[in-house]
Amino acid sequence: MVGIKSYEFLGGLYDFLDNQKNQGVYIVKMFNAAGNRYFFLSENVHHQTNRYLEKERRYALNQAITPDIKQKFPNPIDLEGLAKYIEANLNMDTFEACMARFGIPIGVIADREKFARALAIQFSRFITEDQEDVDIDVWGTYQSLLNGEQVKASDIKGPLYQGDDVLVEFEGRTHDADCYELIHHEWKMQNCGKVAWQNRQLVLMNQGEIHPRPILTVISIPDTAPGGFAKIATDIDARGFEGNYDCKWEMQDANGNNCFPNKRWDFNVRIQVAFQDTEEGDERG
């Protein structure tokens, strides 16, 4: 998955919004919409220029959001307020170009409300994660929203343990499978936070909603120190049902608590199941 800094995200989004006088005003309004009152706009319109908002505009140019500013955001951020702000200001003439800018493939359904919500969810990652570079997954989030998944503010809270963080390898997260195929999936992850992982496990959360059946639905995660790597795996039986399925997993601690509510998609596996013929024309299975 590609990493992005907060100022790259904010600067990129600025180019596709209407009614923004300048980058300084934009940053103040963006932060305010997400529930942060670190910056305020002067009632004097002459002071609502980049000359007076030079400090603020840097967060759309070259300045990552600092820890002291992050602490001024509520946990979780005001997801509804931020999504509505983005939706209200998206320039419809450049809407599809904005979608492409943030990784949405050409030709995908253009839903302004869901796209704005996906952008707001992406922004929340800059607040809940410690590092400057965070994974950008607007496309993955947008797909989930298009599929009818509901994402509430409580779903994007920061990690269960302060300073905890994980990086999951994105490659290989989607599998194309025959209806009767046994798929092997591996998760490769790094403990990139400051908290040691002990007695943790990866748990499948939606077995009753999908046809593919993992051989293991609860997988123990090796104890992993900060900076260390862990690899776990399971086989998944496609079970003869065509369709597209998202197997939803979460990392839990020893008490069954979700360690990363802010990374609810990072462990998921998508399986696209279809009947497939061999080169000889015989159906596999």
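Which element gives the largest share of the lining of the largest pocket? To find out, note first that this is a predicted model in which local features need pLDDT of at least 70 and side-chain atom pairs count only at pLDDT 80 or more, while totals for chains, interfaces and linings use all residues. Residues are numbered from 1 along each chain as its sequence is written, and side-chain values use heavy atoms, with hydrogens and water left out.

**The largest pocket.** Select Lys-70, Ile-127, Thr-128, Glu-129 and Asp-130, which lie nearest the centre of the largest pocket among its 30 lining residues. A pocket here is an open set of points on a 1 Å grid over the protein atoms alone, where a 1.4 Å probe fits, with protein on both sides within 12 Å along at least five of seven lines, and lining residues have an atom within 4 Å of a point. The space in this pocket is about 620 Å³, a volume being the space filled by probe spheres set on the points, which are joined across faces, edges and corners. Now colour helix H7 (112–128), the element that answers the opening question with 4 residues of the lining; helices (H or I, at least four residues) and strands (E, at least two) are DSSP runs, numbered from the N terminus.

**The second largest pocket.** About 360 Å³ of space lies here.

**The sheet.** Then show the open sheet, whose 4 strands run in the order E3-E5-E9-E7 with antiparallel pairing, where two strands pair if DSSP finds at least two bridges between them. Its edge strands, E3 (166–168) and E7 (213–214), each pair on one side only. Within the sheet, E5 (residues 182–191) and E9 (residues 229–237) are joined over 9 bridges, and Ile-183 stands opposite Ile-236 in E9.

**Backbone stops.** Select Asn-199, in the loop between E5 and strand E6 (200–204), where phi is near 55°, a positive value in a residue other than glycine. Continue to Arg-239, in the loop between E9 and strand E10 (243–247), with phi near 65°. Finish at the peptide bond from Asn-75 to Pro-76, which is cis, with omega near 10°; Pro-76 lies in the loop between helix H4 (67–70) and helix H5 (79–89).
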